[in-house]
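Hi,

Here is the structure I promised to pass on. Have a look at it first, and then read my notes below.

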Amino acid sequence: MIEFLTTDYILLKFIPQLANPVFLEKFGALAMVAIGLLVEKRFISRPSLFANVVALNTYLIAHGVYHPYLCLYANVGLILGIIAMFAYWSDTSLSWLFYSVAYSYNSVIVGLIILAL
């Protein structure tokens with residue numbers, strides 16, 4: 001039993017696609033987006049917004065994607081994510097306008113962008 005734990009990864013047994021480098025590159029970002037999906041209810045929550053924009057930014061940076069519109073989208077999202085986390089930390093409610101804009105960073109949209117690249 002101990003030998004099995006020291007010679008192979010359990011995660012590869014459950015998700016054999018991790019052996020594929022293309023899938024592996026997207027797995028970390030997609031895991032963060034999945035967490036965002038789990039905590040989103042009727043609207044995008046502040047922690048899931050932050051997780052989504054961090055996943056998007058790290059993915060774009062890691063893959064050297066510098067398209068002007070994606071950079072703008074990612075940078076605005078990061079600013080919104082930081083504001084959201086400070087508001088969450090201080091238990092402050094944000095305006096409907098903030099949430100309207102923040103909705104464009106929900107897990108489905110960010111996940112589709114990551115999968116498309």
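Which residues form a nonpolar patch on the surface? They are Leu 37, Val 108, Leu 112 and Leu 115, and together they have about 380 Å² of accessible area. A patch here takes residues with over 30% relative accessible area and no salt bridge, and joins nonpolar side chains (Val, Leu, Ile, Met, Phe, Trp, Tyr) within 5 Å. A salt bridge would be a side-chain nitrogen of Lys or Arg within 4 Å of a carboxyl oxygen of Asp or Glu. The areas come from the Shrake-Rupley method with a 1.4 Å probe, and only the protein chains shown count as cover.

Before you go on: this is a predicted model, so local features need pLDDT of at least 70 and side-chain atom pairs count only at pLDDT 80 or more, while totals for chains, interfaces and linings use all residues. Residues are numbered from 1 along each chain as its sequence is written, and side-chain values use heavy atoms, with hydrogens and water left out.

Back to the patch. Helix H7 gives the most to it, with 3 residues (helices are DSSP runs of H or I, at least four residues, numbered from the N terminus). Val 108 lies in H7 and is partly exposed, at 47% relative accessibility. For these words, buried means under 20% relative accessible area, exposed over 50%, and partly exposed in between (1.4 Å probe, protein chains only).

Ser 107, Val 110, Gly 111, Ile 113 and Ile 114 are buried, and they cover an arc of only 160 degrees around the axis, so they sit on the same side of H7. That arc is taken from the directions from the helix axis to the C-beta atoms. On the other side of H7, Leu 112, Leu 115 and Ala 116 are exposed.

Finally, the rings: the whole structure has 2 aromatic pairs (ring centres within 6.5 Å; planes under 30 degrees apart are stacked, over 60 edge-to-face, the rest tilted). Tyr 73 and Tyr 105 are stacked, 4.3 Å centre to centre with 15 degrees between the planes.

Cheers

Notes: Phe/Tyr/Trp six-rings, centres within 6.5 Å; stacked < 30°, edge-to-face > 60°. Patch = residues over 30% accessible without salt bridge, like charges linked within 9 Å, V, L, I, M, F, W, Y side chains within 5 Å. Helix = DSSP H or I, 4+ residues; strand = E, 2+ residues; numbered from the N terminus.
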